[in-house]
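This report covers confidence, annotated spans and a few residues. Please keep the sequence and the 3D view at hand.

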Amino acid sequence: MNPGVGKYLIGIGILVFLAGLVIYFFGDKLNWLGRLPGDIRIEGKNGGFYFPIVTCIVVSILLNLIVVLIRKFFG
């Protein structure tokens, strides 16, 4: 293995740790996440279907911005 892989694993671990802190401390304030206008929700008698398309787009944009900023300042 080369040392670059270790750096990526450490970076991913730090990101997971930070995400856990955010969820732990601000989880009750993030209840809007997954209930945005445009998320598809179909409920029936025996079950339901839920596809958070707009939430996925918003999370994708935010993660993309974070990656671009990290590459700009640290890359």
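What is the mean pLDDT of the chain?

## Confidence

This is a predicted model. The mean pLDDT of the chain is 88. Of its residues, 97% reach 70 or more.

Confidence is lowest in helix H1, residues 3-26, at a mean of 88. Strand S2, residues 48-51, has the highest value, 93. Where pLDDT is low, predicted coordinates should not be read in detail.

## Annotated spans

UniProt, in an unreviewed entry, places "transmembrane region" at residues 7-27 and 47-70.

Residues 7-27 are 95% helix and 0% strand. The end C-alpha atoms of residues 7-27 lie 29 Å apart. Residues 47-70 are 75% helix and 17% strand. For residues 47-70, the end C-alpha atoms lie 42 Å apart.

## Val22

Val22 sits in helix H1. Its relative accessible area is 40%, so Val22 is partly exposed. Setting aside neighbours within four places in sequence, Val22 contacts Gly27 and Leu30.

## The aromatic pair

How many aromatic pairs are there? The count is 1. The ring centres of Tyr24 and Phe25 lie 4.9 Å apart, with the planes at 85°. Planes over 60 degrees apart count as edge-to-face, so the Tyr24 and Phe25 pair is edge-to-face.

Are these two side chains' residues, Tyr24 and Phe25, buried or exposed? Tyr24 has 66% relative accessibility and counts as exposed. Phe25 is exposed as well, with a relative accessible area of 52%. The cut-off for exposed is over 50%.

Technical notes
Residues are numbered from 1 along each chain as its sequence is written. This is a predicted model: local features need pLDDT of at least 70, side-chain atom pairs count only at pLDDT 80 or more; totals for chains, interfaces and linings use all residues. Side-chain values use heavy atoms; hydrogens and water are left out. UniProt positions are given in the numbering used here, feature names are shortened, and annotations may be inferred rather than shown by experiment. Helices (H or I, at least four residues) and strands (E, at least two) are DSSP runs, numbered from the N terminus. pLDDT is the predictor's confidence in each residue, from 0 to 100. Buried means under 20% relative accessible area, exposed over 50%, partly exposed in between (1.4 Å probe, protein chains only). Contact means heavy atoms within 4.5 Å. Rings of Phe, Tyr and Trp (its six-membered ring) pair if their centres lie within 6.5 Å; planes under 30 degrees apart count as stacked, over 60 as edge-to-face and the rest as tilted.
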